[in-house]
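Reader: Could you take me through a structure? I would like to ask about it piece by piece.

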Amino acid sequence: AGLWLGAGRRKTADEVDPGVGIELTARVGQTVEAGQPLAILHHNGKGVDEASKLIVDAFHIDAGGQS
């Protein structure tokens, strides 16, 4: 996801944008509330849709036996 934002290189000639990245705000096993952000994307407008989809797909929310 960071590559889409410009935080890394696909090719050695690519530039890295030091102002972009992904800030995780929840840890594995942590209890979270509905609507609580799990990650914050720092971006410059490039690759946001692609990175967002990858990040959303990376999370699994388990109800922990709650209904």
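Predicted model: local features only at pLDDT ≥ 70, side-chain atom pairs only at ≥ 80, totals over all residues.

Reader: Which residues of helix α2 are buried?

Author: In α2, which spans residues 48-58, the buried residues are V48, A51 and I55. Buried means under 20% relative accessible area, exposed means over 50%, and partly exposed lies in between, with a 1.4 Å probe and protein chains only. Helices (H or I, at least four residues) and strands (E, at least two) are DSSP runs, numbered from the N terminus.

Reader: Why do they line one face of the helix?

Author: Viewed down the axis of α2, its buried residues fall within an arc of 70°, so they line one face. The arc is taken from the directions from the helix axis to the C-beta atoms.

Reader: What do the buried residues of α2 pack against?

Author: They pack against α1 (2-5), β1 (21-24) and β2 (39-42). Contact here means heavy atoms within 4.5 Å.

Reader: And which residues are exposed on the other side of α2?

Author: Those are D49, K53, V56 and D57.

Reader: How many salt bridges does the structure hold?

Author: The structure holds one, where a salt bridge is a side-chain nitrogen of Lys or Arg within 4 Å of a carboxyl oxygen of Asp or Glu. K53 forms it with D57, and the closest N and O atoms are 2.8 Å apart. Both residues lie in α2, four residues apart, about one turn of the helix.

Reader: Changing topic, what is the volume of the largest pocket?

Author: The volume is about 460 Å³. A pocket is an open set of points on a 1 Å grid over the protein atoms alone, where a 1.4 Å probe fits, with protein on both sides within 12 Å along at least five of seven lines; lining residues have an atom within 4 Å of a point. Grid points are joined across faces, edges and corners, and the volume is the space filled by probe spheres set on the points.

Reader: Which lining residues are closest to its centre?

Author: Of the 18 residues that line the largest pocket, R27, Q30, V32, H60 and I61 are the closest to the centre. The lining divides into nine nonpolar, six polar and three charged residues. Ala, Val, Leu, Ile, Met, Phe, Trp, Tyr, Cys and Pro count as nonpolar, Asp, Glu, Lys and Arg as charged, and the others, Gly among them, as polar.

Reader: Where is W4 found, and what is it in contact with?

Author: W4 is found in helix α1 and counts as partly exposed because its relative accessibility is 34%. Leaving aside neighbours within four places in sequence, W4 is in contact with R10, K46, G47, E50, A51 and L54.

Reader: What does H42 touch?

Author: H42, in strand β2, touches L5, G19, V20, G21 and E23, not counting residues up to four places away in sequence.

How values were computed:
Residues numbered from 1 in each chain as written. Heavy atoms only, no water.
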